[in-house]
Structures are given as structure tokens and as C-alpha cells.
Amino acid sequence: MKILHTADWHIGKKLHKHYLHEDFELFINWLIPLIKEMEIDVVLISGDVFDLANPSAEARKQYFKALLQLRKTNCQLIITGGNHDSPSMLDAPKEILKELNVTIVGGLPANLENCIIPLYNKKGETELVVAAIPFLRDNDLRSIEEDVVYEDRIEAIRKGIEATFALAAKKCNLIYPDIPALAMGHLYAAGIENSDSERDIQIGNQAAFQANQFGDYFKYIALGHIHKPQQVNAPIPTFYSGSPLQLSF
């Protein structure tokens, strides 16, 4: 099974008063042949599908057009929400998009099991599990550890993220034992190199997440938020795919 990790599409981005609609079309026109040539089975988008929480009509049109083009490749698409995305806006058409082989997790669901997505091989057997964790907002982090109180808000955010990934790993192992799992995330990891076009998250990036807090269960962590592709120094393979668009000079 071949998986393509992408993130930060930022559809509808305006750079110095110029819309990047044409740039996004060039990206999709490059992506579709690549998926076919490499025989990709699953495409991940780890957050920030759109540049704005309320994207323009043109941005939404490009989004749905891209999903239809991807459907023709017969690959499965898994999309998580980022800090730029509106969870409710992303989630609204999720039931319809299931028919296009698109799974969307716009915001953290009340039941974390709804983030656990099995991937099947051609024999119909579960070959891989994806813990599709979207950008975690303050309310999400508080609900994970309701009985724990931290005086330091920065530490509370870090512990909340750690608890979310640990619980996702636990559920993957419980529901799909002995099946390899990967996780998607949208966050700011410590020790990485910014690209100067990201929006600060979680107290101005002060709550940078330590990579060793991901644990050792997942075989790969597919991250979004940082626009420069790079590997995070962690015990398990952890990567930012970067953005396919040039978002700054």
C-alpha cells in the first residue's frame, strides 16, 4: 500500500494581493499524473485545506473540483482540519463525500474512535490504520484530561496533545491489534525550521510539542502546519510534508 503525505494546501490563499488560484490548478495538474504513475492508494491532507475559515466561492469550487479529479485516480483521500480551517465547514459535506472515497475529520469528534480509519487491501483485509487527528483547539485539549488541572497553560496544552495521541494509539491497538498504524497531526513541533508564512498557534508557538511525546506506537507521523518539508527529530519517522504552494517570498 502506497501513501502520499501532503498538507497545507491553503486553497484561496492571497499573496501580496494576488490570488494563488492558478498556482493551485498547476499543483493539481501535477498531482493527478503523479498519483497514477506511482500507483498511490491513499492521499493524506494533514490540515489547512483552505486558507480561510470562510473560504470564497472560488476556493470552494477549486476544492470540490480537485476532489472529483482525485476520485478518478481510485485513491482514498483522508482530510483533517487545520488551524486555518473551520471544522464545521469541512465536516458539513462529509457524508456525501464518503461516496467519493473521501474521509474528513474537520474537528476532534466527541468519540475519538471516529478518528480511527482502517485501510483495506485488495483482498478486503485491514492492512493499515490511520489515526486522523485534526488541529487540537483549547476545548479539545481540556476535554481529553478533564480531571487534570495544570497551573501552567503551556504545559496543559502540551500534555493535552500528548494525551490525545496516546489515547488514539491505545484505541488503534485495542480495535485493530497487530495492524500497523500511522497518525496525522497539525501542530508546532519543537526544534523545527519555520518558513515565515505560518500563523502562530497555541500561545504564539510557545507550547511547542516535544517529538518524543508522540510515543513509539505509530509507524509514521504525518504532520501539517509548517510549510517547509522536513523531518522532525523523533524516535519514530515524523515528517512535515510542507505546502505544495509557495506561500511567501
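The secondary structure of the protein chain, taken from a predicted model, comprises 6 helices and 12 strands. Of the 249 residues in the chain, 53% are buried. The chain exposes about 12300 Å², of which carbon and sulfur atoms supply 49%. Among contacts between residues at least 6 apart in sequence, 72% join residues at least 24 apart.

Four strands form an open sheet in the order S1-S4-S5-S6, with parallel pairing. Strand S1 (3-6) and strand S6 (102-105) lie at the edges, each pairing on one side only. From one strand to the next, the twist averages 15°. Strands of a sheet pair through backbone hydrogen bonds, in either a parallel or an antiparallel sense. Here, strand S5 (residues 76-80) is joined to S6 in the parallel sense over 4 bridges, and Ile79 stands opposite Ile104 in S6.

Helix H2 (residues 57-71) contains 15 residues and spans 21 Å from its first C-alpha to its last, close to the 21 Å expected at 1.5 Å a residue. Its buried residues are Ala59, Gln62, Tyr63, Ala66, Leu67 and Leu70. Viewed down the axis of H2, the buried residues fall within an arc of 135°, and therefore line one face of the helix. Such an arrangement can be read against the geometry of an α-helix: with 3.6 residues a turn, residues three or four places apart point the same way. The face of H2 turned away from the buried side carries the exposed residues Ala57 and Lys61. The packing partners of the buried residues of H2 are the sheet strands S5 and S6, together with helix H1 (21-38), helix H3 (87-91) and helix H4 (94-97).

Terms used. Residues numbered from 1 in each chain as written. Predicted model: local features only at pLDDT ≥ 70, side-chain atom pairs only at ≥ 80, totals over all residues. Heavy atoms only, no water. Pairing = 2+ DSSP bridges. Helix = DSSP H or I, 4+ residues; strand = E, 2+ residues; numbered from the N terminus. Axes fitted to C-alpha atoms, helices over the stretch in contact; angles between N-to-C directions. Buried < 20%, exposed > 50% of the residue type's maximum accessible area, 1.4 Å probe, protein only. Contact = heavy atoms within 4.5 Å. Areas by Shrake-Rupley, 256 points an atom, 1.4 Å probe, with all protein chains shown as cover. Expected span 1.5 Å × (residues − 1). Arc of directions from axis to C-beta.
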